[in-house]
Amino acid sequence: MHYGYHIEIDEIGAWLPLLLPILILHLILFSVALVDLLKRDQSTDYKWLWGAVIILVNIIGPILYFVLGRRQRSDAPTSSKSTPKKVRKS
Amino acid sequence: MHLLQVSQLQKKYGNHEVVQNVDFHINQGECVALLGPNGAGKTTIIKMILDINKLTGGKILLNGKRHDQMRKFIGYLPQHPTFYPWMTGRELLIFMGGLSNIERDILEERINELLKLVGLSEVENQLIGTYSGGMKQRLGIAQALIHQPKLLIMDEPVSALDPLGRRDILELLKVIKQKSTILFSTHILHDAEELCDKMLIINKGQLLVNGSIHQIIEQTQKPIFIIQAPRLSEWTHQLMNEDLIESIELTGNAAKVRVKNIEQGRDWLLSHILKAQLPIQKFELVQESLEEIFLRMVKSS
Amino acid sequence: MNRFTVLLQKEWLDAKRSYKLLWLPVVFMFLGILQPLSSFYLPDILKMAGGLPDGMTITLPELTASEVLASALTDQFDQLGLIVIVMATMGIIASDKNNGMLAFILTRNTTLVEYLLSKLVGHAVMIAGSIFLGFLTAVFYTFYLYQAVSVARIAAGLGVYYIWCLFMLTFVIAIGALLSRTPAIALLSIFVLIFLKTITLLEGGFQILNPAHLSNQAVSIITSGNVLPHFFITMTVSVLLIVFCLIFATSYLSRKELPSM
């Protein structure tokens, strides 16, 4: 098997079909995350912070946003988010 | 037969008795307020009726039947309804209705009716996360009514709302009351008085009063002497330890004095005022208001 | 419409609205691409990154296509993939439990069993789809860069591997029933699952009782077409553990007084 040491134009051509899917997947995650962030009813600070994470951290950034960034609002609704033990009293 | 019959209801957490031997019943078509200060055990009683919390003792019967069947016949609005913020109002109603095994086409129709009733038709396709507190409460009422329950139970339905939202919900409940049997808890006497004809006053887990508002006033109302005069506090201080006096409440330069016997008390108070040469501006005998009855009972228990 | 379907539809809607349905498969597809690509181009990448000091040579093992695929399972899916599965499922019970939604759902005539099954089935399908798509991309890249591998072996290996994933899922559900703080659930689950995975490196008879050993079985199926000894015992133990986790979650939640709204 041949391993090229210099990257030439035709070699980039060979790489492209392999990298393209990654690019597309990343673009999908990236844009969905950004659109969702912009639509979100949150403070500007919050949007800047997560916007930076989504844009600067490749691939992992949008995923971090989906897992952690979107929790805030759904987890802390109007109800008291105190320890469950306290909740049971009238 | 009573619609709901609660007898000797008890709840203990360890050694702490949260609810002690509570007895009451609700008849078809009644609107009953479960009244008491925060921490009195209202929510615990409601949760036991709903089978969320387990009973330590006692019995709860619906139409004279046992507990497992209850959920089908009760609509419940929790104290802080959160629901799923990512659902729309309509989707929540479809979800809740589906859990109660309602056929899809009947469900659609009923959802439309309910959304109209609670005034949410225009926002039915918005996410619940964007709703205001009052809207969530109205959605909560709609979901509680979706399976046409025999009994609607609400836990503090208006406590968390601003005056406007509160007014809204109270008006809505007045409409619903005409067709349903309602049990709702509150710590605000005024709400209870406005909506309901029957009241259960509880404090520290014990049922203090049970009856119609009319009845409660008639049976438990006590006379109060209102004495108004300057420099009253010194004088009232001397009265504290007298046998005849039940309680004294001082606000500004007016005192509310409760006595054990009206005749003796009046004579005694007047003579005492003369002796002390108190320059009274007012000496009046009045009947307690409902609020005063409520406060007295809660305090003395 | 029965209640289980209603609950399942809710899970599906949740997954859609929270984008879980999007990112979970995409993560696995990334992982699937990563392994064949990095194995194939590692020498180039080393060279580009400044290369090795003069005179030093490394001999990279020549990997076969099936070995590359197998290492996609053990090096990617079992590490980052495992963490991602835990992250995706850590809150599924706890959030409903804490905000009172679970108690509230149960005030309708729903049972805990229906509720937990809807969570299990919903996420099991999602995880199945994710590892399938992820592995499919790994297969494409491997076939393209290396050579084709028996599809039957791949399918069988992936099937066995999926049982280990199901164990992860039910384990997180059980921990989620037990604890209420999501970070604690995530940490404990990841710790235990990685521990199970790590001890598979050790030799020893106890491996046949370890569900993580199924991942080794899957590797063996893909690379050699044969299972390691005691395959069926490990399989049975894993399925029993899955059932145990579910029974545990149900009985724990039914005994406990749930926090409600």
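**Figure 1. Overall make-up of chain C.** Chain C has ten helices and zero strands. All three chains are shown as a predicted model. Followed along the sequence, the elements of chain C give the pattern α-α-α-α-α-α-α-α-α-α. The C-alpha trace of chain C extends over about 70 × 40 × 35 Å along its principal axes. Of its 261 residues, 58% count as buried. Contacts between residues at least 6 apart in the sequence of chain C join residues at least 24 apart in 80% of cases.

Figure 2. The unreviewed UniProt entry places the feature "transmembrane region" at residues 21–42, 77–95, 116–141, 161–179, 186–209 and 229–253 of chain C. Residues 161–179 of chain C are 95% helix and 0% strand, with 27 Å between the end C-alpha atoms. Residues 229–253 of chain C are 92% helix and 0% strand, and the end C-alpha atoms of this span lie 38 Å apart.

Figure 3. C:Arg3 is 107 residues away from C:Thr110 along the chain, yet the C-alpha atoms of the two residues are separated by 7.0 Å.

**Figure 4. Strand S8 of chain B and its pairing partners.** Strand S8 (residues 198–203) of chain B is mostly covered, with six of its six residues buried. B:Lys198, B:Leu200 and B:Ile202 point one way from S8(B), whereas B:Met199, B:Ile201 and B:Asn203 point the other way, and all are buried. Strand S3 (residues 31–35) of chain B pairs with S8(B) in the parallel sense over four bridges. Within S8(B), B:Met199 stands opposite B:Ala33. Strand S9 (residues 206–212) of chain B pairs with S8(B) in the antiparallel sense over six bridges. B:Asn203 has B:Gln206 of S9(B) as its bridge partner. The hairpin formed by S8(B) and S9(B) has two residues between the strands, and B:Lys204 takes a positive phi near 45° there.

Figure 5. Four strands of chain B form an open sheet in the order S11-S12-S10-S13, with antiparallel pairing. Strand S11 (245–251) and strand S13 (282–287) of chain B are the edge strands, each pairing on one side only. Neighbouring strands of this sheet are turned by 20° against each other on average, with direction ignored. S11(B) and strand S12 (residues 254–259) of chain B run antiparallel and are joined by six bridges. B:Val259 of S12(B) stands opposite B:Ile245. Helix H10 (residues 262–276) of chain B lies across strand S10 (223–228), S11, S12 and S13 of chain B, and runs at about 10° to S10(B).

Figure 6. Chain A has five helices and zero strands, in the pattern α-α-α-α-α along the sequence. Buried residues account for 27% of the 90 residues in chain A. Of the contacts in chain A between residues at least 6 apart in sequence, 53% join residues at least 24 apart. Chain A has an accessible surface of about 6000 Å², and 67% of it belongs to carbon and sulfur atoms. The unreviewed UniProt entry carries the annotation "domain: Cardiolipin synthase N-terminal" for residues 28–70 of chain A. Over residues 28–70, chain A is 81% helix and 0% strand, and the end C-alpha atoms are 17 Å apart.

**Figure 7. Prediction confidence along chain A.** The average pLDDT of chain A is 71, and 64% of the residues score at least 70. Confidence within chain A is highest in helix H2 (residues 44–56) of chain A, at a mean of 87, and lowest in helix H5 (residues 84–87) of chain A, at 34. The pLDDT is below 50 over residues 73–90 of chain A, a stretch that has 28 contacts in the model beyond near neighbours in sequence.

Terms used:
Residues numbered from 1 in each chain as written. Chains lettered and ligands numbered in written order. Predicted model: local features only at pLDDT ≥ 70, side-chain atom pairs only at ≥ 80, totals over all residues. Heavy atoms only, no water. Pairing = 2+ DSSP bridges. Axes fitted to C-alpha atoms, helices over the stretch in contact; angles between N-to-C directions. Contact = heavy atoms within 4.5 Å. pLDDT = per-residue confidence, 0-100. UniProt positions renumbered as here; feature names shortened; annotations may be inferred. Buried < 20%, exposed > 50% of the residue type's maximum accessible area, 1.4 Å probe, protein only. Areas by Shrake-Rupley, 256 points an atom, 1.4 Å probe, with all protein chains shown as cover.
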